[in-house]
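User: Hi! Could you walk me through this model, one question at a time?

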Amino acid sequence: MNRSRLAPGAGIVTAPGDRPVLRTSEGEFLRIDTGRVGPGELVDRLTEGEGHTSSAELDRLVAAFEEAGHAVTEPRRPPLTGRTVHLLGDPVLTEPLARFAAAEGAEVQPATAADLAGLAGRRTAVVWCLDSPVPEGLWDEADRLPARHTAWLRCHREGAHTWTEPLASAPGDVTAAHVRLRRLAATAAHRELAAYWAGHRTPDTGPHPTEPAAALIAALLTADLIAWASGEPHRGSGLPAHRRLRRIDLRDLTVTEHPVLPVPEVAPLPAPTARTAP
């Protein structure tokens, strides 16, 4: 039988001369009413201590910890266990991302653009990382992945900024095409931005992601994958993963977040009717 242990991130703090306090994984401090249970008995029961005492009151106290999520009986499974992550793009970004995703339990596989049409499944994600602007049309096929309930996550660089776009995993989520339309609508320089994306620009001068910058970008993408695997891309503190556009400044590693919504489909304009002369 598995013994209960404190949940990851939780701990019991005992100030001299005071009752024990639970520090939750969220950083809150909650006083513990141990009743007739000695604080040392509770600590031993919930840690690797040597105590093996048991009583009905101690059992009830431990059960209360478990019910509140502050104690667990099963060992922690990495959050991406059972998920497959297909990676495409530039190694400066995909290599650290592959390490981070694998460390969280994912099965990481390289992929090509030709593979996308055959990928589908609720436990499958595709991540495409570019150390450059996105050529027009490159992500059109990948934008169809959410309609097949396959997670779709991407990032790209424009000058000194890398953008990580919202994770899309279901029909109606924000696609790369939506992000482009929203960004064009948000700037007065929409003609210039469109020309920049279309390749009408001088050769790229960087800066390219350094090792720390690449690690930061990979960590942010991994966090989005964990939110998806946990069934929480639509929840969480701050902006949810499926509505969050991030901009990472590669010069000082500052991160800013911007909300972005999908663009509704618009019915095409009716074809003009021919007029006859009176």
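User: Before we start, what should I know about the model and its numbering?

Analyst: This is a predicted model, in which local features need pLDDT of at least 70, side-chain atom pairs count only at pLDDT 80 or more, and totals for chains, interfaces and linings use all residues. Residues are numbered from 1 along each chain as its sequence is written, and side-chain values use heavy atoms, with hydrogens and water left out.

User: Let's begin with the sheet. In what order do the seven strands lie?

Analyst: Happy to! Helices (H or I, at least four residues) and strands (E, at least two) are DSSP runs numbered from the N terminus, and two strands pair if DSSP finds at least two bridges between them. The sheet is open with mixed pairing, and its order is β7-β6-β8-β9-β10-β11-β12.

User: Which strands stand at the edges of it?

Analyst: An edge strand here has a single partner strand, so one side of it is left without a neighbour in the sheet. The strands in that position are β7 (107–110) and β12 (255–259).

User: What is the bridge partner of valine 85 in β7?

Analyst: Strand β6 (residues 84–89) pairs with β7 in the parallel sense, over four bridges. Across that pairing, the partner of valine 85 is valine 108.

User: What angle does the direction of helix α6 make with that of β9?

Analyst: Angles run from 0 to 180 degrees between N-to-C directions, and axes are lines fitted to C-alpha atoms, for helices over the stretch in contact. Contact means heavy atoms within 4.5 Å. Helix α6 (residues 211–229) packs on the sheet and touches β6, β8 (124–129), β9 (151–158), β10 (161–164), β11 (244–249) and β12, and its direction makes with that of β9 an angle of about 160°.

User: Which residue in the turn between β9 and β10 has a positive phi?

Analyst: Four bridges join β9 to β10, and the two run antiparallel. They form a hairpin with two residues between them, and the residue with a positive phi, about 60°, is glycine 159.

User: How many nonpolar residues are in the contact of α1 with α2?

Analyst: Leu42, Arg45 and Leu46 of α1 meet Leu58, Asp59, Leu61, Val62 and Phe65 of α2. Ala, Val, Leu, Ile, Met, Phe, Trp, Tyr, Cys and Pro count as nonpolar, Asp, Glu, Lys and Arg as charged, and the others, Gly among them, as polar. By class there are no polar residues and two charged ones, while the nonpolar count is six.

User: At roughly what angle do the axes of α4 and α5 cross?

Analyst: Helix α4 (residues 176–185) and helix α5 (residues 190–197) have axes that come within 8 Å, and they cross at roughly 145°.  Arg180, Arg183 and Leu184 of α4 make the contact with His190, Leu193, Ala194 and Trp197 of α5. The crossing angle asked for is roughly 145°.

User: Is threonine 24 buried or exposed?

Analyst: Threonine 24 sits in the loop between β3 (20–23) and β4 (29–31). Leaving aside neighbours within four places in sequence, threonine 24 is in contact with Gly9, Ala10, Leu30 and His70. Because its relative accessibility is 4%, threonine 24 counts as buried.

User: And is glutamate 48 buried or exposed?

Analyst: Glutamate 48 is in the loop between α1 and α2. Its C-alpha atom is separated by 8.1 Å from that of arginine 5, 43 residues apart along the chain. At 64% relative accessibility, glutamate 48 counts as exposed.

Notes. Buried < 20%, exposed > 50% of the residue type's maximum accessible area, 1.4 Å probe, protein only.
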